[in-house]
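Trainee: I am new to this structure. Please take me closely through one part of it, the place where the two chains meet.

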Amino acid sequence: MTLSLNSFLFVSGLLFAIGFFGVLLRRNVLVIFMSLEMMLNAAILALIAFSRFNGTMDGNLFVFFIITVAAAEIAVGLAIIVALFRKRQSVMVEQLSSLKN
Amino acid sequence: MDVLFIIFAVLTVVPALLMVVSRNPVNGAMFMIISFVGMAALFVLLEAFLLAILQVLVYAGAIMVLFLFIIMLLDMDEVEKIKPGTVTSIASGISLALIIVGVAVLLGSDGLAGQSVAHLAAAPDFPSADNPMGLALSAKAYGFGLFTKYMLPFQLTGVLLLVSMIGVIIISKKRETSQGQEQS
């Protein structure tokens with residue numbers, strides 16, 4: 001194994017940054033949700049890399065739980081987005097600010 | 001192996017970037033699928049074969065198909081105006097600076113890879129003769145971990161799936177008004 005832990009952590013950090021800026025700068029709720037998934041995947045990659053280089057199983061097992069929770073979260077989140085779209089006919093975040101005042 | 005790592009890292013990062021900047025959400029979802037497959041290849045490089053299969057099946061398969069289904073169901077025709085406000089711009093600038101500093105620190109040091117084995121062996125989870133949780137590649141090892149050390153989280157995950165299923169059904173079902181007529 002010639003690869004170092006740093007290279008995997010670098011890719012993971014890059015993916016997390018991409019997802020983070022997607023959440024900050026995009027206006028479409030669906031794209032924001034996909035960027036959230038990208039951040040979760042960056043965390044998964046870091047966990048597997050740490051687990052592999054530490055020589056333990058625990059990181060790999062945590063990835064199981066993260067994938068399950070992400071699947072449940074996607075199901076609930078998309079149901080909420082569909083309900084919002086039915087009421088507002090829009091998926092842009094500036095139209096969805098009725099809780100603000 | 002380094003060449004493979006660079007190929008798969010590019011295959012993961014570039015579609016992720018394209019996903020964030022693409023105007024059409026359908027194109028974004030397609031790029032996301034490519035990115036997830038690239039990440040599964042990175043998992044194979046890390047010798048987590050079962051998780052690579054799961055990544056393709058659950059993320060690139062189930063989750064992104066659900067996303068595409070919802071995107072096409074909603075059928076939005078609004079054009080997104082990318083005009084971030086001042087607060088968003090300031091927050092983005094600060095976080096970009098933080099990320100650049102973090103990556104510089106990471107690349108400047110030899111990082112965690114330089115730690116000695118003796119230091120790692122002091123960690124409580126380091127595999128030894130009486131700790132069966134050392135790194136193994138078979139699905140049997142995953143099952144052993146899930147049903148011994150992580151039994152309670154495993155059960156809670158089952159409850160979570162049930163709760164989310166009930167929640168989705170309640171959110172998406174049509175509500176009856178007091179007059180008895182259906183309201184969407």
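Mentor: What follows goes from the model as a whole to the contact between the chains.

This is a predicted model, in which local features need pLDDT of at least 70, side-chain atom pairs count only at pLDDT 80 or more, and totals for chains, interfaces and linings use all residues. Residues are numbered from 1 along each chain as its sequence is written, while chains are lettered from A and ligands numbered from 1 in the order in which they are written.

Start with confidence. The model scores ipTM 0.90 and pTM 0.83. Within chain A, helix H2 (residues 29-54) has the highest confidence, at 91, and helix H1 (residues 5-25) the lowest, at a mean of 87. Chain B averages 80, and 73% of its residues score at least 70. Where pLDDT is low, the predicted coordinates should not be read in detail.

Now chain A itself. Chain A has 3 helices and 0 strands. Helices (H or I, at least four residues) and strands (E, at least two) are DSSP runs, numbered from the N terminus. The order along the sequence is α-α-α. The C-alpha trace of chain A spans about 55 × 25 × 20 Å along its principal axes. Its radius of gyration is 17 Å, whereas a compact globule of 101 residues would have one near 13 Å. That radius is taken over C-alpha atoms, and the globule rule is 2.2 Å times the number of residues to the power 0.38.

Next, the contact. Two residues are in contact if their C-beta atoms, placed from the backbone, lie within 7 Å. Chain A gives 63 residues and chain B gives 71. On chain B, helices H1 (2-21), H2 (25-45), H3 (49-74), H4 (86-108), H6 (139-147) and H7 (151-172) each supply at least two residues of the side that touches chain A. H3(B) brings the largest share of that side, 10 residues. By class, the side of chain B that touches chain A has 52 nonpolar, 14 polar and 5 charged residues. Here Ala, Val, Leu, Ile, Met, Phe, Trp, Tyr, Cys and Pro count as nonpolar, Asp, Glu, Lys and Arg as charged, and the others, Gly among them, as polar.

Look at helix H3 (residues 58-88) of chain A. Its axis and that of H3(B) come within 11 Å and cross at roughly 5°. Axes are lines fitted to C-alpha atoms, for helices over the stretch in contact, and angles run from 0 to 180 degrees between N-to-C directions. So H3(A) is roughly parallel to H3(B). Angles under 35 degrees count as roughly parallel, over 145 as roughly antiparallel, 65 to 115 as roughly perpendicular and the rest as oblique. The residues in this contact include A:Ile67, A:Leu78 and A:Phe85 from H3(A), and B:Leu51, B:Ala62 and B:Leu74 from H3(B). The classes are 16 nonpolar, 1 polar and no charged.

H3(A) also meets H7(B). Their axes come within 9 Å and cross at roughly 10°. Therefore H3(A) is roughly parallel to H7(B). Among the residues that meet are A:Phe65 and A:Ala83 in H3(A), and B:Pro153 and B:Ser172 in H7(B). This contact has 14 nonpolar, 5 polar and no charged residues.

Notes
pLDDT = per-residue confidence, 0-100.
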